[in-house]
Amino acid sequence: FYTARAITSRENALLGVVLTRQTLSAADAALSDSMRNAIIMLVVILLFLLLLFFRHARIIDYTVLYKKLSEVDSLKDEFIAMASHERRAPLTAIRGYADMLKSDSLAAPLRAQSIERIDISARQLDSLIADMLDVSRIEQGRMSIKTERVNAAPAITELCDMWETQAKAKGISIVRDIAPELYISVDPNRFRQVVINLLSNAVKYTNAGTITVSAQGGEEFTLRVSDSGIGMTNEEREGLFKKFYRVDTTEVHKQSGTGLGLWITKQIVELMGGKITVESIKG
């Protein structure tokens, strides 16, 4: 077949006509070449777009990673500052009461009180160090859990007795609803650590009223520690079991703490096959 094309000047005046003769095979070949070139161009564009997408995704990943690293770095700085503060208070108390004990004229009641205060401060330091070691063990997967079937009731009752003196000093009563036999498979030492953390928080953040400790068996063992304390908002509850988390309120900052206790508690409970939850209303 023939194709014609007009040749015009810049003023669009017709100068002539070019007449060409083509075969269908040549036209098909030209069409195939055009399609091939178009496909190649499309593939190149798609590869370029994918490259841009992956580059953008990596930038986003780096941004998220940087943000997380910044948060971790900030948490680390806060923890170091908090741990230093927590360490300083009991050390100062130990030094102060130790200096008092050097005096030969110190009355017997004051001497006994000083020894008791030193013991309390030493236990605070021991607790801080234990928490830091537990964090390291948990993060490295070295937290050992040795479960055995035990009656949990005596341990819970004993720990309630242990915290009752401190609770009474604040005008708080500890109400117990503990079944006499509660056989469960747990690591006894880690189970005691969990109960101590829960009772410690209840006493620490309750200014008046009652703390109720309920422990019941049946199809599953349930331990519930309820208190008439300061309470939490929805947002505060969501962060409660996070590492280093402390509610940012005046009432909380009045109390000592590293924000590790409940995080460690949650890890231990889950390692023993349980779960821990919280219900609370602000105030």
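Is Asp161 buried, partly exposed or exposed, and what is its relative accessibility?

Modeller: Happy to. First, this is a predicted model, in which local features need pLDDT of at least 70 and side-chain atom pairs count only at pLDDT 80 or more, while totals for chains, interfaces and linings use all residues. Residues are numbered from 1 along each chain as its sequence is written, and side-chain values use heavy atoms, with hydrogens and water left out.

Now to your residue: Asp161 has 40% relative accessibility, so it counts as partly exposed (buried is under 20% relative accessible area, exposed is over 50%, and partly exposed is in between, with a 1.4 Å probe and protein chains only). Its partner is Arg176, and the two form a salt bridge whose closest N and O atoms are 2.7 Å apart (a side-chain nitrogen of Lys or Arg within 4 Å of a carboxyl oxygen of Asp or Glu). This pair links distant parts of the chain, with Arg176 in strand 4 (residues 172–178) and Asp161 in helix 3, 15 residues apart. Helices (H or I, at least four residues) and strands (E, at least two) are DSSP runs, numbered from the N terminus. Arg176 is also partly exposed, at 29% relative accessibility.

Helix 3 itself covers residues 152–169, and its axis comes within 10 Å of that of helix 4 (residues 188–204), crossing at roughly 30°. Here axes are lines fitted to C-alpha atoms, for helices over the stretch in contact, and angles run from 0 to 180 degrees between N-to-C directions. Helix 3 and helix 4 are therefore roughly parallel to each other (angles under 35 degrees count as such; over 145 is roughly antiparallel, 65 to 115 roughly perpendicular and the rest oblique). Their crossing is right-handed, that is, the near helix is turned clockwise from the far one by less than a right angle.

By the salt-bridge rule above, the count comes to 12. Another of these pairs is Arg224 with Glu279, where the closest N and O atoms are 3.2 Å apart. Arg224 lies in strand 7 (residues 222–227) and Glu279 in the segment after helix 7 (261–271), so this pair ties together parts that are 55 residues apart in sequence. Arg224 is partly exposed at 43% relative accessibility, whereas Glu279 is exposed at 63%. Finally, Asp134, Arg137 and Arg190 are linked in a network of salt bridges.
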